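The sequence and structure come next.

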Amino acid sequence: MIQPISDEDFRRLTNFIKSQYGITLEQKRQLVTSRLSSMLAEQGYSNFSEFVTQLLKEKNPQKIEQVLNRLTTNYTFFMRETEHFDFFSKVILPELVRKYQHKKSMAIWSAGCSSGEEPYNLSMYIKDYLGMQASQWDTRILATDISQKALTTAKKGIYELPNTIPESWRRKYFKKVEGSRYAVAPDIRNNVIFQTFNLMDPIKFRTKFDVIFCRNVMIYFDQPTKDALVRRFYDATVPGGYLMISHSENLSKDAPYATVAPSTFQKR
């Protein structure tokens, strides 16, 4: 039986997680205790103090990721919040195709991509929209997450498909592997570049982005952390570019983007 976490150990652990990864857990003591206790027992610890001390001393990436995976939910699915995909396919894609007809490339970032459904979904919309022209364009999507475990699942690209996936897409963009499990088709998989990235780090990618999707990520951050991240996103967006967040999230009134649709913002 793991002893309850002390005030001091809870403070040390939550301060470390917030400073390094932006995740705010100060009000979630019950969640932290319940989700980590079984892991501590499995690893042979009898109390939180020893575990927290070792974690903060070693800063072992694998152990930290184990903790983060327990405390956050890498939950996503295909066709999530379809209003965003509608806006993307009906407004943003036509705009980008007109704008980049000469250079035939666009830059899209799925920030906090979890197990990969979002960037694969975006690739399907792009391929559908471009049709026969798709092979002439560079539409590769950058997909990042802090969790190596989530990225491993994403790279495999094997999923149980929801009924919301159109039948034509099921035939075009997936291959049945076993039972109800399907593998994402190679041309869709090859259109996504997966990379580990901590959203608390400076954003120094080579290119600025036409669209940044960051949905159901900022729910873990407090307002100052969100505001700072949104400013970094703004600096990493091209003029006229877009930021899309989840319907359950919001931006501050003084956020630099202009609102153009529900949970959809543009750098004017």
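## Helix contact

H2 passes H4 in a right-handed crossing; a crossing is right-handed if the near helix is turned clockwise from the far one by less than a right angle, and left-handed if anticlockwise. Helices (H or I, at least four residues) and strands (E, at least two) are DSSP runs numbered from the N terminus. The contact (heavy atoms within 4.5 Å) involves Leu31, Val32, Arg35, Leu36, Ser38, Met39 and Glu42 of H2, and Gln66, Val67, Arg70 and Leu71 of H4. Of these residues, six are nonpolar, two polar and three charged; Ala, Val, Leu, Ile, Met, Phe, Trp, Tyr, Cys and Pro count as nonpolar, Asp, Glu, Lys and Arg as charged, and the others, Gly among them, as polar.

The axes of H2 (residues 29-42) and H4 (residues 61-71) come within 9 Å and cross at roughly 140 degrees. Axes are lines fitted to C-alpha atoms, for helices over the stretch in contact, with angles from 0 to 180 degrees between N-to-C directions. H2 is therefore oblique to H4, the class left after under 35 (roughly parallel), over 145 (roughly antiparallel) and 65 to 115 degrees (roughly perpendicular).

## Sheet

An open antiparallel sheet has three strands in the order E3-E5-E4; strands pair if DSSP finds at least two bridges between them. E3 (158-160) and E4 (174-178) are edge strands with a single partner strand each, so one side of each has no neighbour in the sheet. The twist averages 40 degrees from one strand to the next.

E3 and E5 (residues 181-184) run antiparallel and are joined by three bridges. Glu160 has Arg181 in E5 as its bridge partner.

## Basis

The model is predicted: local features need pLDDT of at least 70, side-chain atom pairs count only at pLDDT 80 or more, and totals for chains, interfaces and linings use all residues. Residues are numbered from 1 along each chain as its sequence is written, and side-chain values use heavy atoms, leaving out hydrogens and water.
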